[in-house]
Amino acid sequence: MSKFWSPFVKDLVPYVPGEQPKLAKLVKLNTNENPYGPSPKAIAAMQAELSDNLRLYPDPNSDRLKQAVADYYGVSTAQVFVGNGSDEVLAHAFHGLFQHGKPLLFPDVTYSFYPVYCGLYGIPFEAIALDEQFQIRVEDYARPNGGIIFPNPNAPTGCALGLAAIEQLLQANPDTVVLVDEAYIDFGGETAISLANQYPNLLVSQTLSKSRSLAGLRVGIAVGHPDLIEALERIKNSFNSYPLDRMAIAGAAAAFEDRAYFEQTCQQVIASRESVVAGLTALGFEVLPSAANFVFARHPGKDAAGLAAGLREQGVIVRHFKQARIAQFLRITIGTPEQNQALLDALKPLV
Ligand SMILES: Cc1ncc(COP(=O)(O)O)c(C=O)c1O
């Protein structure tokens, strides 16, 4: 704390990202990155941007990327927003769409950046308890709100919500925005973007960090009614005109255009997930049904913090949250078949 700080800074509780260890040779299954590299076409597109042109600012509107996203989803470019990671997209949405005085609703077990943005922008919130099976129960969201947000599939549980339940929320809340954070949608969920033309209160965010394996590039998108997108554009253009650099625009557009690589690598992750679930179950773990590139698992006889520490000693890093209700779970990212085997081998002596 310093006398130079604006007063509100002292009360901020910042987000704590998963560790990015400096050690090589670790089996890193803690931040839900993709074990396969980005599309070779995306890498080629970025390499082509590494030129004398870098002296020029990028396109402030990222038109090439918006067009690639619009083509992919069959929407108009006026329905597409892009930002520096979906975290930035989410921040602008909190800032521009959720400050209505009434509480924002989100699950009690969810992406831990949501309460952080509420703190940053002074948004009241209510955390709605997941049911006993760690599922979102939409009936529990029938209360006055200034907006609703949840990841689908939810994080860190991995559990997906069907489109019928999402439509129920949209219909019950015509006067507030329902933001579906689809960071992990491509690993088994059904995107709500198909509902975008029907519901002016729907905003869907996605990231290129997971299914398109570009976490290091920092690109996220949102799709929704042009009125919602305009709010995000206003915030963005009052904050940073150029959130995406030339390499990010080119690489992200090429990644959306390379459907074959995207579909193949997603299928590989999904297939690996099923074998990790089988391996964990055989070791006595209870694994929540996952539609994501990670699983959330607990062992009835072993303490999760102890398991995480034991794995770490063997060079395998997973995520453990010291948080009510989920302190006995481990969140384990799906890696390559070799990494997954290393995880199971390291767990064997611990359980
Ligand atoms: C649910 C959820 N939303 C959003 C993000 C942010 O992704 P990024 O900022 O890399 O696009 C994450 C990252 O882990 C996430 O788990």
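**Exercise 1.** Find which residues Leu343 is in contact with, leaving aside its neighbours within four places in sequence.

*Solution.* Start with the ground rules: this is a predicted model, where local features need pLDDT of at least 70, side-chain atom pairs count only at pLDDT 80 or more, and totals for chains, interfaces and linings use all residues. Residues are numbered from 1 along each chain as its sequence is written, and side-chain values use heavy atoms, with hydrogens and water left out. Next, apply the contact criterion, heavy atoms within 4.5 Å. Leu343 then meets Leu29, Val276, Leu311, Val316, Val318 and Ile332.

**Exercise 2.** Locate Leu195 and decide: buried or exposed?

*Solution.* Second, look at its relative accessible area: at 5%, Leu195 is buried (under 20%; exposed is over 50%, partly exposed in between, with a 1.4 Å probe and protein chains only). Third, list its partners beyond four places in sequence: Leu163, Ile166, Glu167, Leu170 and Leu202. Finally, take Leu163: 32 residues separate it from Leu195 in sequence, and 8.7 Å in space, C-alpha to C-alpha.

**Exercise 3.** Name the buried residues of helix H4 (residues 113–121) and what covers them.

*Solution.* Begin inside H4, where Phe113, Tyr114, Val116, Tyr117, Cys118 and Tyr121 are buried. Then turn to the cover, which includes helix H3 (85–97) and strands S3 (104–107), S4 (125–128), S5 (147–151) and S6 (178–181). Last, step just past H4: Gly122 has a positive phi of about 65°.

Methods:
Helix = DSSP H or I, 4+ residues; strand = E, 2+ residues; numbered from the N terminus.
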